[in-house]
Amino acid sequence: MNGKDTPRHDDILNDLRQKKQKNKKVYVELLKAIGEVFYCKDPSEVYPVYKNKLKVFKQGLPTESILKVVKWLFIEQDIRFWSWSGRRMFKEGIDNI
């Protein structure tokens, strides 16, 4: 992490890279969950659907926390940039891992 209690975009991206290296097949499920959050579904609704599949990831941030942080990073991008452009940039960064 960044030495603070608040994860940044790069912290999330680095954590996702590690998860992809750990298990590419399950990582795809995590991407689906992030996609649902991208389209404004609340992480508290999304996580239970994927929980059993995502439990393989023991290292790094908990997957539930990733979904919650990503939600707020998407919102932050919505505030900084208009017309979903910032949200889309961050999502593309995630998709290109």
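Leu 31 touches Ile 94 and Asp 95, leaving out residues up to four places away in sequence; contact means heavy atoms within 4.5 Å. This is a predicted model, in which local features need pLDDT of at least 70, side-chain atom pairs count only at pLDDT 80 or more, and totals for chains, interfaces and linings use all residues. Residues are numbered from 1 along each chain as its sequence is written, and side-chain values use heavy atoms, with hydrogens and water left out.

**Leu 31**

- Leu 31 has its place in helix H2. Helices (H or I, at least four residues) are DSSP runs, numbered from the N terminus.
- Leu 31 counts as partly exposed, at 21% relative accessibility. Buried means under 20% relative accessible area, exposed over 50%, and partly exposed in between, with a 1.4 Å probe and protein chains only.
- Along the chain, Leu 31 and Ile 94 are 63 residues apart. Their C-alpha atoms are separated by 8.1 Å.

**Aromatic pairs**

- The structure holds five aromatic pairs. Rings of Phe, Tyr and Trp (its six-membered ring) pair if their centres lie within 6.5 Å; planes under 30 degrees apart count as stacked, over 60 as edge-to-face and the rest as tilted.
- Phe 38 and Phe 74 form an edge-to-face pair, with 5.4 Å from centre to centre and 80° between the planes.
- Phe 38 lies in helix H2 (residues 24–38) and Phe 74 in helix H4 (residues 63–80), so this pair ties together parts that are 36 residues apart in sequence.
- Both Phe 38 and Phe 74 are buried.
- The ring centres of Tyr 39 and Trp 84 are 6.1 Å apart and the planes are at 40°, so this pair is tilted.
- Tyr 39 is in the loop between H2 and helix H3 (43–54), and Trp 84 is in the loop between H4 and helix H5 (85–95). The pair links distant parts of the chain, 45 residues apart.
- Tyr 39 counts as exposed, at 62% relative accessibility. Trp 84 counts as partly exposed, at 33%.
- Ring pairs join Phe 38, Tyr 39, Phe 74, Trp 84 and Phe 90 into a cluster.

**Charges over rings**

- The charged end of Arg 87 sits over the ring of Trp 84, at 4.9 Å from the ring's centre. A charge sits over a ring if NZ of Lys or CZ of Arg is within 6 Å of the ring centre and within 35 degrees of the ring normal.
- Lys 91 lies over the face of Phe 38, 5.8 Å from the ring centre.

**Helices H3 and H4**

- H3 and H4 pack with their axes 9 Å apart, at an angle of about 150°. Axes are lines fitted to C-alpha atoms, for helices over the stretch in contact, and angles run from 0 to 180 degrees between N-to-C directions.
- The two helices, H3 and H4, are therefore roughly antiparallel to each other. That term is for angles over 145 degrees.
- Residues of H3 that meet H4 include Pro 43, Val 46, Tyr 47 and Leu 54. Their partners in H4 include Thr 63, Glu 64, Leu 67, Lys 68 and Lys 71.

- Thr 63, in helix H4, counts as buried at 5% relative accessibility.
- Leaving aside neighbours within four places in sequence, Thr 63 is in contact with Lys 19, Leu 30, Tyr 47, Leu 54 and Phe 57.
- Glu 29 is found in helix H2. Glu 29 counts as buried, at 14% relative accessibility.
- With neighbours within four places in sequence left aside, Glu 29 is in contact with Tyr 50, Lys 53 and Leu 54.

Technical notes:
Angles under 35 degrees count as roughly parallel, over 145 as roughly antiparallel, 65 to 115 as roughly perpendicular and the rest as oblique.
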